[in-house]
Amino acid sequence: MNKSCEMYQMELMDVHYGESEMTEELRSHLDGCEDCSRYWAGLGELETSMVFPEFEDPFKEIVLDKLMAERENKSGRKRNALDFAAFILLAGLFLGACLALVFSGHAVALSKIYLSIFMVAPLMLPFLIKRQMTKGAHTNGRA
Amino acid sequence: MKEDQLIKAAKKNDPKALDQLFRDSYPIVYGYLIKTTLNEQTARDLTQETFLKALNKIGSFNAKSKFSTWLISIATNLHKDELRKRSRERPESANPAVSSASDVEKSVLEREAFGKVSEILRKLPDAKRRVFILKHYYHYSYEEISRIENCPIGTVRSRLHDCINKIRSEMGVEAQ
Ligand SMILES: [Zn+2]
């Protein structure tokens, strides 16, 4: 069965765009077929008639700046997520340690530590401030 | 720095490497999208979206293809999405993501000498036009185009052949 000109033209297109090599069969068909010869010449003309020059986007820098700002936001969000994960991990470890102390019979000792931290320490604050001020006055007097 | 080194650094979130990669690839992505959409604003918006997607997915880029080919694939998918979105919004429009010649804004495409070329491209159906652009202007192989377009190589060939015939007949009309 003879190939149709359409099939030859598709093969010519493949040759033109570097997808395959020119064959003897194609060459001899081209020599005897006016239609396919015109198609072949037309492919060559496309190279000059369909030129589309590249031109720069005048807003390129703005777009790139926006992208870089988005990258900053993204890494900021990632950092926050990491900080949050670290906080959850430390809090979990602390809670676990407290529970371990409670279950090993050190609940009373733990309560005392808690009381001293959360109640006694704030009560000590005025004394500490006063002591600091007195120390400061001594130093100034000596100077 | 070479492209593969830039990609490695960009994957580690190096801002300079990422900036360099985007800067180098910008002309090809924008150039492809301006020929595909034939509208400067749409091309710019899709370029930005392409890079945003690349920014979020750079970790999954496997470097089997060139970075620019990967970007062109993303841009192609975004263009397809844009066409679907616009055809939902304006179902009566035959060729919706391409600005019509009667658009109020006369873009650089009409002003410049290659207005005739853009008019011919505008007459090609979207999927066929993309194939023609990828082959004729960017010299991708049929195999690469079939991956970018997600269609068989036979379809790529027939689309390209249809485009060539359409362009030849348009040129013939203009010549008369
Ligand atoms: Zn023939």
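A pocket is an open set of points on a 1 Å grid over the protein atoms alone, with protein on both sides within 12 Å along at least five of seven lines; lining residues have an atom within 4 Å of a point. The model is predicted, and local features need pLDDT of at least 70, while side-chain atom pairs count only at pLDDT 80 or more. Residues are numbered from 1 along each chain as its sequence is written, and chains are lettered from A in the order in which they are written.

The largest pocket has a volume of about 300 Å³, taken as the space filled by probe spheres set on the points. Its lining includes B:Lys53, B:Lys57, B:Trp70, B:Asn77, B:Glu144 and B:Arg147. In chain B, α3 (40-57), α4 (67-89) and α8 (142-149) each give at least two lining residues. Helices are DSSP runs (H or I, at least four residues), numbered from the N terminus. The largest share, five residues, comes from α4(B).

The second largest pocket holds about 210 Å³ of space. It is lined by 14 residues; A:Lys74, A:Lys78, B:Lys11, B:Asn13 and B:Leu55 are the closest to its centre. Here the largest share, four residues, comes from α4(A).

Chain A also supplies the donors of a zinc ion: A:Cys5 (SG), A:His29 (NE2), A:Cys33 (SG) and A:Cys36 (SG), at 2.1 to 2.3 Å. Donors are N, O and S atoms within 2.8 Å of the metal (3.2 Å for Na, K and Ca). Their angles at the zinc ion are 100 to 118°, so the arrangement is tetrahedral (four donors, all angles between 85 and 135 degrees). A:His29 and A:Cys36 are buried (under 20% relative accessible area, 1.4 Å probe, protein chains only).

Terms used
Heavy atoms only, no water. Tetrahedral: all angles 85-135°; square planar, octahedral: opposite > 155°, others 65-115°. Buried < 20%, exposed > 50% of the residue type's maximum accessible area, 1.4 Å probe, protein only. 1 Å grid on protein atoms, 1.4 Å probe; cavity = no way out; pocket = protein on both sides within 12 Å on 5 of 7 lines; lining within 4 Å.
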